[in-house]
Structures are given as structure tokens and as C-alpha cells.
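Please open the model in a viewer and keep the sequence panel at hand. The stops below are to be selected one after another.

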Amino acid sequence: MSGQAHKDSFFHGDGITLRFGGVVALSGVGFHVRRDSLQAIIGPNGAGKTSLFNVITGFYRMDDGEVRLEGDRISGLPPHLVARRGIVRTFQNLEIFTNMTVLENVLTGGHLLGRYGPADFFFRTRRFFREEKELRERAEAALEFVGLSAHRDLPAGQLPFGSQRLLEIARALAAEPRILLLDEPAAGLNMKETSALGELIRRIVERKTTVVMVEHDMDLVMRISDRILVLNYGEVIASGTPSEIQKDPAVIAAYLGEE
Ligand SMILES: Nc1ncnc2c1ncn2[C@@H]1O[C@H](COP(=O)(O)OP(=O)(O)OP(=O)(O)O)[C@@H](O)[C@H]1O
Ligand SMILES: [Mg+2]
């Protein structure tokens, strides 16, 4: 791919390949995500959706291919540096610290970005206190945004499941992502919660945060996504708008073949 194409693309991946021994989880996957849009990634179980998030965020090292954000290479960076570039994720299986309060959980998200060093911490420099204050304000704002402020001092494990999913999103937002990766945010939610979640995600996009969402709930995906990428057995089989994807023969075949 030419340098010019990189410059014109906000967030994209090319030729992403990931193997686990004999299993090819991702095979030559490419994607383009537009700035301030909602990109969904769908596909049957085991298609490679979570694996794609794992290689984007540096949790797994890809065997081949690359990911770039505004032309800068992201692939090859360790997870904390990917996060500092502004790419932050949530987890399919919630990764909440159940014994910590709701607010403390969200603070861990902001700490991803803390730039003060060990010396600042040790000597309690002005920089340390200023950053701690900013982190706290960001965490409070994120809780407010998802509607969990009233529960800030509750142990996170006492929140109902639907609220724990929102907490996971608040923690990611506290890191002020440019790109937010959501892995099955609606899993386990009832219809009312899912509908509210859809509105929340659209509000995140309106705040000028690009969202990439892996999701199985097709009603939600079709309702709120700008574009959809379809994976099947580790390969991209379709990409387009919700209405294009709904009538794509390869997509219909992949889903009908599932059961
Ligand atoms: N750590 C791992 N070790 C070995 N194989 C793995 C590992 N992670 C994923 N895989 C395999 O890679 C393939 C893709 O898995 P992945 O979890 O990315 O799918 P998915 O699309 O997220 O599925 P789901 O919808 O069920 O979450 C599967 O065959 C899976 O068994
Ligand atoms: Mg998954």
C-alpha cells in the first residue's frame, strides 16, 4: 500500500495474520475505519473478532500485517503504548475489580495515561498532584456520562450486571480514547438496557470518539452502525453499510450455515 493511502486513512489495518499453532485465527484481514464513525465487526463465534482486538491493542503479536493510526504504525507496540496512542478497549468477559469501588475502577482507566514518573510519585511533586486531580476529574466525568455517578462509592461487585458493563465503558472513556474498542458491549443485557446502550454509544461517537464495536446483537448493530465489517473463519467476507451487509449473499450464507 502506498504512503499516500496511509495518509488519507484515519485508522486502518492490512494483511493482519495471527496463528495459534495450527489454528489460523486471522488471515490477511484488512479494515478501514473512518474518523468519528461507528464501525461494527460481526461474524459467527470463533470468527476472529476478539483476536483482532487483541492484535490491535498489542495483547497478541500478529504474525504478519500492520495497523496504522493516522499513518503511524501501531502494530508492534506493547499494550500500554497502544493505549497512550489513544486506542482503548473493553473486554468481552468483564474485567472489573469487584472489591474496588466504582470510582476506583474508573480511576484505573485514567492511570493508563499517567505521565508522572516514579520520582514524581515518591516526592509527591506538584506534577503528581496536578495529574492526580485531573485523573479524578476525568473519572468523575466518565461516570457521569454513563449515568453511574450515584454509585461511585459502591463496591463494583454490587452493581447489577448491566451497570458493570457501563462501568467497563466508563473506565475506557476515562483514558480519553481517540478510538474505543468495545467487545460485545450488549452481551447479557436485556432489551431496555441494550436500547439505552445504543444511545450511549452514539453519544460517544458524537463526542468525536471513533468507536469499533464487536457485537452479536444484530438489531443493535443494524440500528446504530455507520459501517460493518464481517469476519468468517478469520477472513473478511464483506464490508459496507448496514443495508449493504443485510443483503450480502456471503454474509447470509455465513450466518445461515451457522446453525
Ligand atoms: N489464546 C488462544 N489460544 C489458542 N487459540 C485461540 C486463542 N484465542 C483465540 N483462539 C482461536 O482463534 C479463533 C478465533 O477466536 P476469537 O476469540 O477471536 O473469536 P470471536 O470471533 O471473538 O468469537 P466469539 O464470538 O465467540 O467471541 C478461534 O478458533 C479460537 O479458538
Ligand atoms: Mg470474541
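Select Val106 first: apart from residues up to four places away in sequence, Val106 touches Ala139, Ala142, Leu143, Ala170, Arg171 and Ala174, where contact requires C-beta atoms, placed from the backbone, to lie within 7 Å. The model is predicted, so local features need pLDDT of at least 70 and side-chain atom pairs count only at pLDDT 80 or more, while totals for chains, interfaces and linings use all residues. Residues are numbered from 1 along each chain as its sequence is written, and chains are lettered from A and ligands numbered from 1 in the order in which they are written.

A residue is buried if 20 or more other C-beta atoms lie within 10 Å of its own, exposed if 12 or fewer, and partly exposed in between. Helices (H or I, at least four residues) and strands (E, at least two) are DSSP runs, numbered from the N terminus.

Next, display the open sheet of 4 strands, with antiparallel pairing and the order S2-S1-S4-S5; strands pair if DSSP finds at least two bridges between them. Which strands stand at the edges? They are S2 and S5 (72–73), each with a single partner strand, so one side of each lacks a neighbour in the sheet.

Within the sheet, S1 and S2 pair in the antiparallel sense over 7 bridges, and Leu18 stands opposite Leu26 in S2. The two strands form a hairpin with 2 residues between them; select Gly21 in the turn to find a positive phi of about 55°. Strand S1 (residues 11–20) also pairs with strand S4 (residues 64–69), in the antiparallel sense over 5 bridges, and Asp64 in S4 is the bridge partner of Thr17.

Now select helix H2 (49–56). H2 lies across S1, S2 and S4, and runs at about 70° to S2 (axes are lines fitted to C-alpha atoms, for helices over the stretch in contact, with angles from 0 to 180 degrees between N-to-C directions). Because 7 of its 8 residues are buried, H2 is largely enclosed by the rest of the structure. After H2 comes Gly58, with a positive phi near 80°.

Show ligand 1 together with its shell: Phe20, Val23, Ala25, Gly43, Asn45, Gly46, Ala47, Gly48, Lys49, Thr50, Ser51 and Gln92 surround it, a residue being near if its C-beta atom, placed from the backbone, lies within 6 Å. H2 gives the most to this shell, with 3 residues.

Finally, select Met213 in strand S8 (residues 210–214). Is Met213 buried or exposed? Met213 counts as buried because it has 25 C-beta neighbours inside 10 Å. Leaving aside neighbours within four places in sequence, Met213 is in contact with Leu38, Ala40, Leu182, Pro185 and Ile201.

Methods: Two residues are in contact if their C-beta atoms, placed from the backbone, lie within 7 Å.
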